[in-house]
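User: Please take me through the structure shown below, one feature at a time, with the general idea before the particular case.

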Amino acid sequence: MSRTLVLNRSFRAVAVADWQRALTLVYTGLAEALDEELTPYDFSAWVAASSGWVEAPAGFVRSTRLKLAVPEVIRLVRYDRVPHREVAFTRHNVFARDRHRCAYCGAKKPTDELDLDHVVPKSRGGPHEWTNVVTSCRPCNLKKADKLPSEAGMPLKVRPVKPRWTLIGALVPHPRRDIPSSWRRLLASADA
Ligand SMILES: [Zn+2]
């Protein structure tokens, strides 16, 4: 799906957002959409303008009532960085982070066969947070019990981290050929 280049208030490229995130930023007033001439639009102006377009380089989002172009470029108007979005620490999100795989044996299981495991057990002061909680299958969870991975002989296959939804720094790794031509002149002035 198409991606949107995010500029800060000084028109410097700071991030890349997926189209949902880009439109959300415009919808909530945190960013304005820019057309090819870098004319700014707020959300309602963007809806009005783009509904009449036949083509849009990044495509359209359509519903029964609405046809909305995905902006190729948006500009943050309130902040100079994409606002940080905290990822809720929930069972569901831990499973999603670990792609429903047991952190000890690597088995992929349906949600109802997975548990959360505290790497450093709670009984030994291990905190209930992203970096100490992993997805575990039932057999591994039982086997590990109140032991550390080293004591149980069950090394972690993944290092538990707090997931980040922010897209800062996403520009650099993109291969050049993936960069839409409309971004190039903007990237030329960016110090990404
Ligand atoms: Zn397992």
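Predicted model: local features only at pLDDT ≥ 70, side-chain atom pairs only at ≥ 80, totals over all residues.

User: In which sense do strand 1 and strand 2 pair, and over how many bridges?

Analyst: In general, the strands of a sheet pair through backbone hydrogen bonds, in either a parallel or an antiparallel sense. Two strands count as paired if DSSP finds at least two bridges between them; here strand 1 and strand 2 are antiparallel and share 5 bridges.

User: What is the order of the strands in the open sheet?

Analyst: The sheet has 5 strands in the order 2-1-7-3-4, and its pairing is mixed. Strand 2 and strand 4 (40-41) are at the edges with a single partner strand each, and therefore one side of each has no neighbour in the sheet. Helix 1 packs on this sheet, where it touches strand 1, strand 2, strand 3 and strand 7, and its direction makes about 110 degrees with that of strand 2. Such an angle is taken between N-to-C directions and runs from 0 to 180 degrees, the axes being lines fitted to C-alpha atoms, for helices over the stretch in contact.

User: Which residues of helix 1 are buried, and against which elements do they pack?

Analyst: Burial is a count of neighbours: a residue is buried if 20 or more other C-beta atoms lie within 10 Å of its own, exposed if 12 or fewer do, and partly exposed in between, with C-beta atoms placed from the backbone. In helix 1 (residues 19-27), R21, A22, L23, L25 and V26 are buried. Contact means that the C-beta atoms of two residues, placed from the backbone, lie within 7 Å, and the buried residues of helix 1 pack against strand 1 (3-7), strand 2 (13-18), strand 3 (31-34), helix 2 (43-50) and strand 7 (73-76).

User: Which residues have the most contacts inside the largest nonpolar core?

Analyst: A nonpolar core is a set of buried Ala, Val, Leu, Ile, Met, Phe, Trp, Tyr and Cys residues joined through C-beta atoms within 7 Å. The largest one has 22 residues, and those with the most contacts inside it are V6, A17, A22, V26 and I74. Strand 1, strand 2, helix 1, strand 3, strand 6 (67-69) and strand 7 each give two or more residues to this core. Another core, of 9 residues, lies apart from it and includes V94, A103, Y104 and C140.

User: Is strand 9 buried or exposed, and to which strand is it joined?

Analyst: All 5 of the 5 residues of strand 9 (residues 133-137) are buried, so the strand is largely enclosed by the rest of the structure. Strand 8 (residues 114-118) runs antiparallel to strand 9 and is joined to it by 5 bridges, and the partner of D117 in strand 9 is V134.

User: Where do residues with a positive phi lie?

Analyst: Most residues other than glycine have a negative phi. G29, which follows helix 1, has a positive phi near 80 degrees. F11 is not a glycine, yet its phi is positive, near 65 degrees; F11 lies in the loop between strand 1 and strand 2 and is partly exposed, with 13 other C-beta atoms within 10 Å. H100, also not a glycine, has a positive phi near 60 degrees, and its place is the loop between helix 3 (91-97) and strand 8.

User: Which residues is V161 in contact with, and is V161 buried or exposed?

Analyst: V161 counts as exposed because it has 9 C-beta neighbours inside 10 Å. It sits in the loop between helix 5 (149-152) and helix 6 (181-188), and, leaving aside neighbours within four places in sequence, V161 is in contact with W130 and T131.

Key. Residues numbered from 1 in each chain as written. Helix = DSSP H or I, 4+ residues; strand = E, 2+ residues; numbered from the N terminus.
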